[in-house]
Amino acid sequence: LDKESYRLRVTGLVGRPIELTWDDLQSMPRTKFDMTHHCVEGWTYSDNFTGVLLSDVLARAGGVRPDARMVIFKAPETSTNPATFGEQYTTNFPYTDKAVQDALVAFDVNGKDLPAQHGFPVRLMTPRKWGYKACKWLVEIELSADPNYHGYWEENGYHNVGDYPGPIFA
């Protein structure tokens, strides 16, 4: 992924599906957060992230329809694990105003572009969720009516809600 060809699609149960370029995201109101990322492997780190509030991205897509129950985040990456080979990495959490309140579509950490290993050019960051909910290389946000949708990690035993400091496994 690169800045010139990057596209973030917002699809599903929104007022109107949209596609945002890197420049579109850069032109939106920016928010900076000092966030702590809590990995299920037991480590944490804190950094200063800059990006666009998820709620602002959803508002730009005409808002969320009342029948939306799940917000799904998609990466272009697929699994190389032999048991799940080829499955697309996605994650999700139930859609509520509170759940998206502090979620950030991040493109900057400590004043610099995200490093590739941390999701360049764009990733999701949320202080209210475990790290597996922070989708790297974010290319699509889909709003779904399916309250039982499970993404890659959730299909493989992780909790579908993922609230920090709540349970890690289902």
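Trainee: Why is C135 called buried?

Mentor: C135 has a relative accessible area of 7%. The label buried requires a value under 20%, so C135 is buried. Please keep in mind that this model is predicted.

Trainee: How do you know that C135 is in no disulfide?

Mentor: The nearest cysteine sulfur to that of C135 belongs to C39, and it is 15 Å away. A disulfide needs two cysteine sulfur atoms within 2.5 Å, and therefore this pair is too far apart for a bond. The structure holds zero disulfides.

Trainee: What makes C39 buried?

Mentor: The relative accessible area of C39 is 14%. Because the limit for buried is under 20%, C39 receives that label.

Trainee: Why is N92 called buried, and where does N92 lie?

Mentor: N92 lies in strand β6. Its relative accessible area is 0%, and buried means under 20%, so N92 is buried.

Trainee: What makes the pair N92 and N160 a polar contact?

Mentor: Their side chains make this contact at 2.9 Å. The cut-off for such a pair of N or O atoms is within 3.5 Å, and one atom must be able to donate a hydrogen that the other can accept. A polar atom of the N92 side chain also lies 2.8 Å from the backbone nitrogen of G151. Beyond its neighbours up to four places away in sequence, N92 touches several residues, including M70, F73, Y149 and E154.

Trainee: How do you know that T126 is buried, and which residues is T126 in contact with?

Mentor: T126 has 6% relative accessibility; the limit is under 20%, so T126 counts as buried. Its place is in the loop between β9 (123-125) and β10 (140-144). Leaving aside neighbours within four places in sequence, T126 is in contact with M35 and A103. The C-alpha atoms of T126 and F33 are separated by 9.7 Å, although these residues are 93 residues apart along the chain.

Trainee: Why is W137 called partly exposed?

Mentor: W137, found in the loop between β9 and β10, has a relative accessible area of 21%. Buried is under 20% and exposed is over 50%, so W137 falls in between and is partly exposed. N110, in the loop between β7 (104-109) and β8, is also partly exposed, because its value is 47%.

Trainee: What makes the phi values of N110 and W137 worth a remark?

Mentor: Most residues other than glycine have a negative phi. Phi of N110, however, is near 55°, and W137 has a positive phi of about 55° although it is not a glycine.

Trainee: Which peptide bonds are called cis here?

Mentor: The bond from F120 to P121 is cis, with omega near 10°, and P121 lies in the loop between β8 (112-113) and β9. Another cis peptide bond joins Y164 and P165, where omega is about 10°; P165 is in the segment after α4 (152-155). Most peptide bonds are trans.

Trainee: How many residues line the largest pocket, and which strand gives the most to that lining?

Mentor: The lining has 21 residues, among them G131, Y132 and W153, which lie close to the centre. Strand β6 gives the most, with three residues. By class, the lining holds twelve nonpolar, five polar and four charged residues. The space in this pocket is about 520 Å³.

How values were computed: Residues numbered from 1 in each chain as written. Predicted model: local features only at pLDDT ≥ 70, side-chain atom pairs only at ≥ 80, totals over all residues. Heavy atoms only, no water. 1 Å grid on protein atoms, 1.4 Å probe; cavity = no way out; pocket = protein on both sides within 12 Å on 5 of 7 lines; lining within 4 Å. Points joined across faces, edges and corners; volume = space filled by probe spheres on them. Helix = DSSP H or I, 4+ residues; strand = E, 2+ residues; numbered from the N terminus. Nonpolar A, V, L, I, M, F, W, Y, C, P; charged D, E, K, R; others polar. Buried < 20%, exposed > 50% of the residue type's maximum accessible area, 1.4 Å probe, protein only. Contact = heavy atoms within 4.5 Å.
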